[in-house]
Amino acid sequence: MNITMKLCAIVIAVASIGLAPSLIAISPADANSHYCRDQKGKSQDWVYGCQSGWADHNKCLSYNPEEPGAYATGYKVGWNHGSCK
């Protein structure tokens, strides 16, 4: 019984080490891409603005929406979801 418990602990440790890189590699860029594209009824300009705003805020760039319109509106939404620290 003691050997079974040790073997189980080793299996869990090896599995954890094997899965850790895939959990770390989840990218915020994927999140912005899916979130922005999944918005119903939004134009392609809005989606592109949303993705750009989110990516800029994740890179801690300054808020810089273009001229007023769908792109700027989407940029603001994406910017608000970004995670600049």
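**Notes on the predicted model**

1. The accessible surface of the protein comes to about 6,300 Å², and carbon and sulfur atoms hold 63% of that area; accessible areas come from the Shrake-Rupley method with a 1.4 Å probe, and for residues only the protein chains shown count as cover. This is a predicted model, in which local features need pLDDT of at least 70 and side-chain atom pairs count only at pLDDT 80 or more, while totals for chains, interfaces and linings use all residues. Residues are numbered from 1 along each chain as its sequence is written, and side-chain values use heavy atoms, with hydrogens and water left out.

2. The protein has 4 helices and 0 strands, in the order α-α-α-α along the sequence, where helices (H or I, at least four residues) and strands (E, at least two) are DSSP runs numbered from the N terminus. Of the 85 residues, 22% are buried, a class that means under 20% relative accessible area, with exposed over 50% and partly exposed in between (1.4 Å probe, protein chains only). Among contacts (heavy atoms within 4.5 Å) with a separation of 6 or more, 48% join residues 24 or more positions apart.

3. Helix α3 (residues 44–58) packs with helix α4 (residues 70–81) at an angle of about 35°, the axes being 6 Å apart; axes are lines fitted to C-alpha atoms, for helices over the stretch in contact, and angles run from 0 to 180 degrees between N-to-C directions. The residues that meet include W46, W54 and H57 in α3, and Y71, Y75 and W79 in α4.

4. The length of α3 agrees with expectation, because its 15 residues at 1.5 Å a residue should span 21 Å, and its end C-alpha atoms are 21 Å apart; the expected span is 1.5 Å times one less than the number of residues. Buried residues in α3 include W46, V47, C50, W54 and D56.

5. Apart from neighbours within four places in sequence, H57 is in contact with W79, G82, S83 and C84.

6. Just after α3, C60 takes a positive phi of about 60°, in a residue other than glycine. Most residues other than glycine have a negative phi. C60 counts as partly exposed, because its relative accessibility is 41%.
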